[in-house]
Amino acid sequence: MTKKTVLTGITTSGTPHIGNYLGAIQPAIDASRNPALDSYFFLADYHALIKCHDPERVARSTREIAATWLALGLDTDTATYYRQTDIPEITELTWILTCMTSKGLMNRAHAYKASTDANRDAGNADLDDGVTMGLFSYPILMAADILMFNADIIPVGKDQIQHIEMARDIAGRFNHTYQPLFNLPEAQVDEQTQLIPGLDGRKMSKSYDNTIPLFSSSDELRKLINLITTDLRAPGEPKDPDSSTLFQLYSCFADRSEIEVMRRQFLEGIAWGDAKKQLFEFLDAKLSAPRSRYNELMKDLGHVEQELKKGAEKARAKAAPLLDQVRIAAGIRPLTYEAPVAASAVKKKEKSAQELAEIAARADEGRRRAILMQLKPLLDQVAGAEDKPAAAAAIIAQKTAEVDGLKKKAKQKAQNELDVLNDELAVFLNT
Ligand code: TRP
């Protein structure tokens, strides 16, 4: 069996916090120990430039994140651990993919829409005010990150699912236009990631300014834990563990029996001060070993740099041959290039007929998804209609009329859409 490739990137614009650790870093490091998977983890420093124009902060964050993963035990022989900007192939692929991306697809990206919505709400006539082309094209760079390594599984937060769908869409278009060189990636979302609360009880996130940096000093950690919001219940009054941020954070790190002991203490009315003290002591003990490794690495950044360079070499050994194929497929070729002779092409074909069928099936699936994405408003219309069969029939009739009225190429496109609609709406249509 061929190994599946897992790939994820971390934007280098912040300091790793406990939410990142529990939600993303630790699960990724655990996955990298699974021999059935090939892991690619990288520092998305070009992505950092999209939202952060403070060079010191980008540079500091890059150091901190680079050292954090190593301090937590990432094995750089097993996993490929690199920095995006060390892989020029990714940037080059970004352009080729840019030419395969419809502007309309980018118009629909959440990050871009959030900016235009904010401008609209503020009564700003220029909806694109403050939007850079970097923000607008962000999903294309991300698609290149993923497609450059033909990754299968992309562990991400919920907010990133749309970007993975877009990467599939872009890959499908390339495969269809040129050659089926790209695998269609899938997002993998761990629901639990969303549940790690920050100091104020909302999801721990840099944007809420409620984080606990993973490697704060003991003193800072104590101070931050003392800031965690509690209610006014007095010592001795029973407290509800499940609605307490203190208890939830404790549970994220503790094992089952430790959690039970703490739960009992809450029900028996532990004082908030004591609960904070216990949480602090517990976390401080858990984090002290990786924290000291982290502090050592931050004093030996030359070593960290070397690790990243080693990762870049491994990554480029994968990326360069695929990029060569991509360039050739798109017609960017040495002047002397000659296509492989027919005989060898035939031989190759025979050898991997099944493989080709699989790739074609995947490309078909990608096209179907792309079409589905466009048809979503129509399908939503049916889903929201009182009389679904009537709404479905009306939409099919409308699309059929459209197909009939069109010529050749446009007709084929509309026919493809009609096929997908017929599939999707089959339950409502009595055919
Ligand atoms: N955009 C992602 C984020 O903000 C980071 C990222 C960049 C990424 N490239 C990626 C994640 C490729 C997964 C795959 O979280």
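How many other C-beta atoms lie within 10 Å of N124, and is N124 buried, exposed or partly exposed? The answer comes with the view of N124 below.

This is a predicted model, where local features need pLDDT of at least 70, side-chain atom pairs count only at pLDDT 80 or more, and totals for chains, interfaces and linings use all residues. Residues are numbered from 1 along each chain as its sequence is written.

View 1. The C-alpha atoms fill a box of roughly 80 × 60 × 50 Å, taken along the principal axes. Of the 431 residues, 31% are buried. A residue is buried if 20 or more other C-beta atoms lie within 10 Å of its own, exposed if 12 or fewer, and partly exposed in between, with C-beta atoms placed from the backbone. Take the contacts between residues at least 6 apart in sequence: 76% of them join residues at least 24 apart. Two residues are in contact if their C-beta atoms, placed from the backbone, lie within 7 Å.

**View 2. Where domain 1 touches domain 2.** The domain assignment gives domain 1 (4–194 + 300–330), domain 2 (215–294) and domain 3 (366–428); bounds like these come from an automatic or database domain assignment. Taken over C-alpha atoms, the centres of domain 1 and domain 2 are 34 Å apart. Five residues from domain 1 and four residues from domain 2 make the contact. On the domain 1 side, helix α3 (residues 55–71) gives the most, with three residues. That side divides into four nonpolar, one polar and no charged residues. For these classes, Ala, Val, Leu, Ile, Met, Phe, Trp, Tyr, Cys and Pro count as nonpolar, Asp, Glu, Lys and Arg as charged, and the others, Gly among them, as polar.

**View 3. The shell around the ligand.** Look for L7, T8, G9, T11, A44, H47, M142, D145, I146, I154, V156 and Q160 around the ligand. A residue is near a molecule or strand if its C-beta atom, placed from the backbone, lies within 6 Å of it. β1 (4–11) and α7 (133–147) are the elements that give two or more residues to this shell. The largest share, four residues, is from β1. Sorted by class, the shell has six nonpolar, five polar and one charged.

**View 4. Helix α15 (residues 353–384) against helix α16 (residues 388–405).** The two axes come within 7 Å and cross at roughly 155°. Axes are lines fitted to C-alpha atoms, for helices over the stretch in contact, and angles run from 0 to 180 degrees between N-to-C directions. So α15 and α16 are roughly antiparallel to each other. The cut-offs are under 35 degrees for roughly parallel, over 145 for roughly antiparallel and 65 to 115 for roughly perpendicular, with the rest oblique. L378, Q381 and V382 of α15 meet K388, A391, A392 and I395 of α16. By class, this contact has five nonpolar, one polar and one charged residues. Helix α15 also holds L379, which is partly exposed, with 16 other C-beta atoms within 10 Å.

**View 5. I225 in helix α9 (residues 218–226).** I225 counts as buried because 24 C-beta neighbours sit inside 10 Å. Leaving out residues up to four places away in sequence, I225 touches K276, L279 and F280. The C-alpha atoms of I225 and S292, 67 residues apart along the chain, are separated by 20 Å.

View 6. Most residues other than glycine have a negative phi. N150 is in the loop between α7 and β4 (153–155), while D209 is in the loop between β5 (186–188) and α9. With 17 C-beta neighbours inside 10 Å, N150 counts as partly exposed; D209, with 9, counts as exposed.

**View 7. N124 in the loop between α6 (110–121) and α7.** Back to the opening question: N124 is partly exposed, with 13 other C-beta atoms within 10 Å. Not counting residues up to four places away in sequence, N124 touches N119 and D129. The C-alpha atoms of N124 and Q412, 288 residues apart along the chain, are separated by 41 Å.
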